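Biologist: I have just opened this one and would like a walk through it. Could you start with the terms you need, and then go on to the details?

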Amino acid sequence: MVNRPYNIAIETSDVQGWLTLGKEHDLLEAVMVGGPTKIPGQPPRRGGELMPAIEALCQRHNVQPRQLGEVYVSTGPGSFTGLRVAITTAKMLARFLDVKVVGVPTIDVIAQQVPLQTSLPSRLAIALNIKRQTAYAATYTRQAHHWQPDAEPAIVPLEQLLSQGASQPMALVAPGLPMDYALPASITRLAEDIARPHSDSVWLLGQRAAHLGQYTDPATLLPIYARPPEAVELWNQRHGEA
C-alpha cells in the first residue's frame, strides 16, 4: 500500500505467542508475546500484552501507526483466549487504522512449516485436537513452493485419516498422538515441534493471500474452534443440544 508499506503477523493460538513485523515483502523482526505463567494450570498471559508488544515492535523500527497497511492473524484452532485476543486486536486495527486483514487458519500455518524436501512423501496430513479417536484434520499435496490443501479441514475419525496413508505414502503431523500409536508403514511421522505455529509462517501465508487480493472482511473474522468448549459439551450431554 502506498505510504503504508508495513505489515504485521499475529500468532497466539499456541502456548507461546509470536509477532512478526514486515515491510512490503521483507520480514524485519519476530518477537515472542506472553508465554506460560508460573502457576500450574493457569493460561498464558497475552490479553494485556499483545497491543503493548505491537507498539514496542513498531517503535523499535520507527513505524508510525498510520504506516501499517496489513495485518495477518492466525485464526485457530488453538488457545481459546489467545485467539479471541488476536482476532479482537486485528478488528481494532482494521477499524481505527483502516488496515487490511488476512485471516490465516492455524492448520495451514503448520503445513507451511513442513519442509518441501523431496525425501518426504508428496502428501501430508495434519491432525490437531485429537480426542475420542477423532481429530481436526486436513490433507495437503506438495507443490513447487507450498503445500496445497486438498479440502477444507474437518473433524474426522482418526482411523479414516490414517487409512489414506495405507494406500499411498504420507507424512503426518499429529501432536498429542501417543508415540507408540500403531501407524501404517507408509506413514512418516514428523516431529511435533513442527506443530508449534510461528508468526513468520502466518506472515508468509498472509503475504501470499494479500498478493492475490484475498483479504478477510473484519466483520466476518472469527476464531476457528475445532470443538465446542468442554463446558458446552457437558451442558449439551446433560440438557440436550437445544
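Modeller: Let me begin with ring pairs: rings of Phe, Tyr and Trp (its six-membered ring) pair if their centres lie within 6.5 Å, and planes under 30 degrees apart count as stacked, over 60 as edge-to-face and the rest as tilted. This is a predicted model, in which local features need pLDDT of at least 70 and side-chain atom pairs count only at pLDDT 80 or more, while totals for chains, interfaces and linings use all residues. Residues are numbered from 1 along each chain as its sequence is written, and side-chain values use heavy atoms, with hydrogens and water left out.

Biologist: OK, how many aromatic pairs does the structure hold?

Modeller: The structure holds 1 aromatic pair. The ring centres of F80 and Y225 are 5.1 Å apart and their planes lie at 20°, so this pair is stacked.

Biologist: And which parts does that pair tie together?

Modeller: F80 lies in helix α2 (residues 80-97) and Y225 in the loop between α5 (199-211) and α6 (230-239), so the pair links parts that are 145 residues apart in sequence. Helices (H or I, at least four residues) and strands (E, at least two) are DSSP runs, numbered from the N terminus.

Biologist: Zooming out, what does the whole chain look like in helices and strands?

Modeller: The protein chain has 6 helices and 11 strands, and buried residues make up 44% of its 242 residues. If contact means heavy atoms within 4.5 Å, then among contacts between residues at least 6 apart in sequence, 63% join residues at least 24 apart.

Biologist: Changing topic, where is the cis peptide bond?

Modeller: The cis bond runs from G76 to P77, with omega near 10°, and P77 lies in the loop between β4 (68-74) and α2.

Biologist: Which residues have a positive phi although they are not glycines?

Modeller: E24 is one of them, with a phi of about 50°, and it is found in the loop between β2 (17-23) and β3 (26-33). N62 has a positive phi of about 55° and lies in the loop between α1 (50-60) and β4.

Biologist: How accessible are E24 and N62?

Modeller: E24 is partly exposed, with a relative accessible area of 49%, whereas N62 is exposed, with 61%.

Definitions and conventions
Buried means under 20% relative accessible area, exposed over 50%, partly exposed in between (1.4 Å probe, protein chains only).
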